[in-house]
Amino acid sequence: MPDTLSRIQHTGGRPTPEMSALLDRQVLEVATALFVEQGYAATSLEKIARVIGCSKATLYRRYSSKEDLFKAVVAERGRMLLDEAGAVEASSKDPLVATKEIALFFLDFMLRPETREAYRIVIGDGHRIPFIADEMMETIVEPFVATLSRLLKAAADAGRIESTNHEETTRVLMSFVIGWPLQNTMLGHNRVQDVDARGRFFDRAWGIFLSGISRRDGA
């Protein structure tokens with residue numbers, strides 16, 4: 001990665017749009033890796049520039065501070081989550097199948113080291129960067145909840161589940177799916193890092209959730 005960026009930085013003249021886009025991607029990749037490996041406090045723009053092989057000025061032209069760069073890292077993680085949820089919602093004809101697929105992706109996504117450590121930083125360093133937590137709620141969490149809420153509303157309108165407050169139902173589902181696995185993983189126990197173990201947990205959590213909202217005969 002540094003070798004490629006070194007060639008980009010020393011070709012002379014104005015970089016092409018393709019080169020600029022490549023550098024943008026690599027800045028986010030390296031920043032994410034360093035935040036994961038070293039934590040927020042130990043990571044600096046200078047260190048990121050050194051690992052990439054670009055000048056500090058090049059990096060500062062894109063991000064005025066470490067906070068801005070970390071915000072971009074969080075936003076990129078959020079885009080991946082929302083893109084997947086949106087694609088599933090758009091392609092599925094069964095709202096409950098789509099809800100289950102998105103919920104499973106959410107579990108896998110939150111346990112990825114890049115996502116988990118970004119979340120840990122938001123929680124642990126939130127007092128230093130409170131605006132990032134607020135923006136994450138507004139631009140990632142709330143749209144994600146809205147997607148699942150629409151699917152649950154569709155299932156309720158079809159008479160398949162009992163739900164009137166679909167946002168609350170969504171938050172119950174999210175707690176069922178991610179609450180214990182994320183806590184367990186962040187504490188270093190890693191009992192659901194194995195794909196089969198994670199699948200068994202998800203199936204159990206989904207089954208309990210579905211049994212609580214399934215429409216009863218005669219309801």
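Start with lysine 66 and tyrosine 40. The charged end of lysine 66 sits over the ring of tyrosine 40. The distance to the ring centre is 4.3 Å. Keep in mind that this is a predicted model.

Now to rings paired with rings. How many aromatic pairs does the structure hold? Nine. We describe a pair of aromatic rings by the distance of the centres and the angle of the planes.

Take phenylalanine 35 and phenylalanine 70. Their ring centres are 5.1 Å apart, and their planes stand at 75°. Over 60 degrees counts as edge-to-face, so that is what this pair is. Where do the two residues lie? Phenylalanine 35 is in helix H2, residues 17-38, and phenylalanine 70 is in helix H5, residues 66-91. So the pair ties together parts that are 35 residues apart in sequence. Buried or exposed? Phenylalanine 35 is buried, at 3% relative accessibility. Phenylalanine 70 is buried too, at 1%.

Next pair: tryptophan 206 and phenylalanine 209. This one is tilted, with 5.7 Å from centre to centre and 45° between the planes. Both residues belong to helix H10, residues 195-213. They are three residues apart there, so about one helical turn separates them. Tryptophan 206 is buried at 7% relative accessibility, and phenylalanine 209 is buried at 4%.

These two are part of a group. Phe176, Phe202, Trp206 and Phe209 form one aromatic cluster.

Phe176 leads us to the surface. With Val172 and Ile208, Phe176 forms a nonpolar patch there. Together the three have about 220 Å² of accessible area. Look at valine 172, in helix H9, residues 166-186. Its relative accessible area is 38%, so valine 172 is partly exposed.

Key. Residues are numbered from 1 along each chain as its sequence is written. This is a predicted model: local features need pLDDT of at least 70, side-chain atom pairs count only at pLDDT 80 or more; totals for chains, interfaces and linings use all residues. Side-chain values use heavy atoms; hydrogens and water are left out. Patches are made of residues with over 30% relative accessible area and no salt bridge: like charges are joined within 9 Å, nonpolar side chains (Val, Leu, Ile, Met, Phe, Trp, Tyr) within 5 Å. Accessible areas come from the Shrake-Rupley method with a 1.4 Å probe; for residues, only the protein chains shown count as cover. A salt bridge is a side-chain nitrogen of Lys or Arg within 4 Å of a carboxyl oxygen of Asp or Glu. Helices (H or I, at least four residues) and strands (E, at least two) are DSSP runs, numbered from the N terminus. Buried means under 20% relative accessible area, exposed over 50%, partly exposed in between (1.4 Å probe, protein chains only). Rings of Phe, Tyr and Trp (its six-membered ring) pair if their centres lie within 6.5 Å; planes under 30 degrees apart count as stacked, over 60 as edge-to-face and the rest as tilted. A charge sits over a ring if NZ of Lys or CZ of Arg is within 6 Å of the ring centre and within 35 degrees of the ring normal.
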